Structure formats: C-alpha cells, structure tokens
Amino acid sequence: MDALHYQPAHELLRQLEAGTLTSEQLAQALLGRIREKNPTVNAVVTLDESRVLEQAREADRQRASNMDLGPLHGLPLTIKDTWEVAGMPCTAGAPALRNHQPRRHADVIRRLEEAGAIILGKTNIPLYATDLQSYNKLFGITNNPYDPARTPGGSSGGAAAALASGFTPLEVGSDLAGSIRIPAHFCGVFGHKPSRSLVSFRGHIPGPPGTESQPDLAEGGPMARNAQDLQLLLNVIAGPRPAESRSWALAMEPARLERLDQARVGLWLEDPLCPVEDELVQGYRSLAKNLEDRGALVAEAKNPLLGLEHILPVYFNLLGSLIGTSLKPAQRRQMKWIARLQRWLHLFGPTTPYIGEYARGVNQKIYEWMQWSEVREKMRAEIETLFEDFDVLLTPITPTAAIRHDHSQPVFKRRITVAGKPRAYMDQFCWIALATLLGLPATSVPIGRTRDGLPYNVQVIGAPGKDLTTIRFGALLEEHQLAGFVPPPHTEDQ
C-alpha cells in the first residue's frame, strides 16, 4: 500500500504541498500504471497524455509561483464517461455519441477544475449507464480486478475498477439504481450516494446532451479508497449551480460522531423478498458484534418502512417513469404487456417482487406519477422517526458479491445465484432502493472478503442531509480496522 498509485488522495496532496512530489511526477506514475495494468482490466477508455502532462506542469508552475491554490491542486483523477469534459469525448458508452465532444464542462467538472484537479481520463460504463455490468460496443468489457471472470458492477464499474487497480486516487460516479454503491461493493472501494440534489447533474449523460434539469432519483457522488477522501471530494463537488449560488450556499451538517462508542447503529440485514448470501449476512452480523464490543449501541431497526414490500412498489414505479422517457414505442408496448401479465411472470422463472410496477411506471400518466411521488414524499417524512433512534442504518447492498459476466439478452432472463438457488437479475436493485427512493445519503464501505477472495461492502444509510455522518461512520470503521480497501492480490506487489 506504500506504492504511489495506492496512496490516499489526501496524502498525495500533502506531498504536493510539501514539495516532495510534483504533479508531473504523479501524472507520469498514474499514466504508467494505466499503460501497464489497464489492458487486462479495461477500466480507462479515454486518455490524452500530452494534455494531462502539460496541465500537470502548469500546476507545478503555479505552485512554485505561490498562487492561490484549490484543495485538489495538481491532483490527477479519472472521471466516469457520463460527465461532460470540454474537449474530451463523452460517449456514455453509446455508438451514437462516438464523436460527441462537449464544448462546456459539466458542473461537477467545473468544480473539480476550479479546485485544481486534472482530468486524467474517462472510465468505462454500460450503454447509457443502464446496466449493473460495465460493457459496451465502443470500448468492450471491463473486468473486476479481483477476478477477471466477474464484473466490477455498473454503471460506475470502470470507476470502481480504476480505483481498485491504482489508476486514480479519486473518481466521480453517478447513482440511480445503485450505480455508485454496487460497483464499490463489487470492487472493495468506498462510494457515496449523496442526499437528494446535493450535487448538480447538469452535464451528465443521460439525459441527452444539453439537458438542464435534475433527473428524479439520480445523484452524482464521490468514490475513493478511504472515507477521508470521500469527504474531501464531496466538499468539492457538492453545492449550488452558479445561478443558484446567488440565493443559497452549501452548509452540510457536521458529523457528531467522534468515537464508535457514541454511535447508535440500526440493523436491517434480511428481508424475505430479497434473500442475501449467508456468507455476507454472517459478515454483517460479525461487524455488528464488533461494534457492540467497542461500545456502540447496536439493535435491529424497527420502522414501518423497513420492509421491501413497502419500498419496492414505489421505487420501481418511479424508476420506470424516469427510464420510460428514453424508451422507443415498441419498448413501451412491451412494458404494457409485462404490466398486464405480472401475476403470471413467475411461471417463466424467478421474478423480482413488484417489478411489474416498473412496467406500469413506464406508461403512466403525469397525474399518476404525481400520486406516486406524493407517497414517496410522505415516506421521506416518516423515515425521520427511524433516525431519532439511530445515527446510521446498516443494510446489504446486493444479495451477492461480484457476479460473473453475463451479457445475455433480454436482460429480464438473466439470473443470479443466491444460496444455491436462481434469483432474478433485478434483485440486485432491491437493497439500494430505500436510500434512492427517499433521497437518503448512503455510503458503501468495504468490510470483508468472501471465501473466494471477493470483496464485499456494507451500506451505511443516514437521515436526509446527514452525508457527513455516514461518511464519518465509515472512517470510524477504518480507524478500528473493521473496514478498509485491500488491493487485489496480483497488484499488491507493485
């Protein structure tokens, strides 16, 4: 872990500030690492080495001139290929956008560059960020650094694989259906889905290039190899759009947790509608026992909303409404049939509970959407009662560790295996639904390895706006050696 490419971002920044490391040296090291290791992982899909090195040299010149520098000055990092970077291709994994060269930075990229960061390159995603595996016709398949036969997840799969491989110290992902939390879980890194609308989505694809609106359910957020770097990056990318800054400023509530023995920890680890592998549940129970041993108050969380039968119908309906805006007429008609045949779908194989509500959401009228959205808002208000008793809620992220590559079509026929039994592929959306639906902060924290050597994470959920609390809890787990990133075995020797 002493290798330059695996050092934390905050430590690299300290060395840059102290003058013991230059931005050009760091950029050269990361580019060399990518050249050596990326061919087997295929996480980084776009590089402009000459541009990166020139920006690094300029950052060094500015530092030598004692200029006023931002918090990320001279730090190279990669970006998920959904964020528009002026002068760099942004394809969202789509052949139709092969030649798309944005002229304007996404708001997130503008904040990064104002903080002094250098965009090193772009990382791979599924087509239009719409799968839990990262592959597309433009750039091919991204492999999990811990097992090339498995996916790093999606849609921020290239981002997570790049972090785990030592290609970048930081990444910015996006999360609609677990697209930060799941890849972090599959690759054993840290990821944070922020509270609702904390990070501007302008300049993200999808929607179509030029979209100004903030999409429902979707959030942009930081990814890193430790919790401190998550907070460092969140502080940079969060906040109002330029025009909105005339009327409001970012003021995230500080975390009040200073020690683990102050933490009140709720557990929601099992639900009959979406079983989780026993090995993972045992790992979560072991974590809970370790927390108790260190003085934390740990208890099974009780709340009317902590049941997937309450969460999934609303989540899938609103998700269908959002995704339906991009579907073709034939796909909409197909969704109508799926909605009508919902009660018989199980005859064709395992089915995720309430997935028919997704199909209904695709075609519903605006007044129906508004009714469902109001149900969501009432649930968001009700969840506050849970966090009167607990600082954080711990849950699984998906039913398994990283799954094997499966690009078969149609997607609804894909299967995962849980406890030796086939389950629906879409079950992987179940455990991320609570935080997405209600706009809650959720931090994906690596806490263990399976018998096969695959990493797995726990999801740390907080009350709306308590982003610094969930990240701080992850940092406390690290401090007590209950969590942390461990490099893939074949890269640790570098």
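**Note on the predicted model: helices, core and sheets**

1. How do the two helices lie against each other? Helix 7, which covers residues 227-237, and helix 15, which covers residues 467-479, pack at an angle of about 155°, and their axes are 8 Å apart. Because angles over 145 degrees count as roughly antiparallel, helix 7 is described as roughly antiparallel to helix 15.

2. The largest nonpolar core has 137 residues, and those that touch the most other members are Leu72, Leu112, Val265, Leu291, Leu394, Leu434 and Phe473. Helix 9, residues 308-324, gives the most to this core, contributing 9 residues. Another core, of 14 residues, lies apart from it and includes Tyr146, Ala164, Val189 and Leu454.

3. Phe473 deserves a separate look: leaving aside residues up to four places away in sequence, Phe473 touches Leu257, Leu260, Ala263, Val265, Leu291, Val392, Leu394 and Val460. Among these partners, Val265, Leu291 and Leu394 are also named with Phe473 as residues that touch the most other members of the largest core.

4. Turning to the sheets, 8 strands form an open sheet with mixed pairing, in the order 6-8-7-14-15-11-9-10. Strand 6 (171-175) and strand 10 (297-300) are at its edges, and each has a single partner strand, so one side of each is left without a neighbour in the sheet. On average, and with direction ignored, neighbouring strands of this sheet are turned by 30° against each other.

5. Within that sheet, strand 7 (residues 190-193) and strand 8 (residues 219-224) run antiparallel and are joined by 2 bridges; Gly191 has Met223 in strand 8 as its bridge partner. Helix 5, residues 157-165, packs on the sheet, where helix 5 touches strand 6 and strand 8, and the direction of helix 5 makes about 15° with that of strand 8.

6. A further open sheet has 3 strands in the order 1-3-2, again with mixed pairing. Its edge strands, strand 1 (44-47) and strand 2 (76-80), each pair on one side only, and neighbouring strands here are turned by 40° against each other on average, direction ignored. Strand 1 pairs with strand 3 (residues 118-123) in the antiparallel sense over 3 bridges, and Thr46 stands opposite Lys122 in strand 3.

Terms used: Residues are numbered from 1 along each chain as its sequence is written. This is a predicted model: local features need pLDDT of at least 70, side-chain atom pairs count only at pLDDT 80 or more; totals for chains, interfaces and linings use all residues. Side-chain values use heavy atoms; hydrogens and water are left out. Axes are lines fitted to C-alpha atoms, for helices over the stretch in contact, and angles run from 0 to 180 degrees between N-to-C directions. Helices (H or I, at least four residues) and strands (E, at least two) are DSSP runs, numbered from the N terminus. Angles under 35 degrees count as roughly parallel, over 145 as roughly antiparallel, 65 to 115 as roughly perpendicular and the rest as oblique. A nonpolar core is a set of buried Ala, Val, Leu, Ile, Met, Phe, Trp, Tyr and Cys residues joined through side-chain atoms within 4.5 Å. Buried means under 20% relative accessible area, exposed over 50%, partly exposed in between (1.4 Å probe, protein chains only). Contact means heavy atoms within 4.5 Å. Two strands pair if DSSP finds at least two bridges between them.
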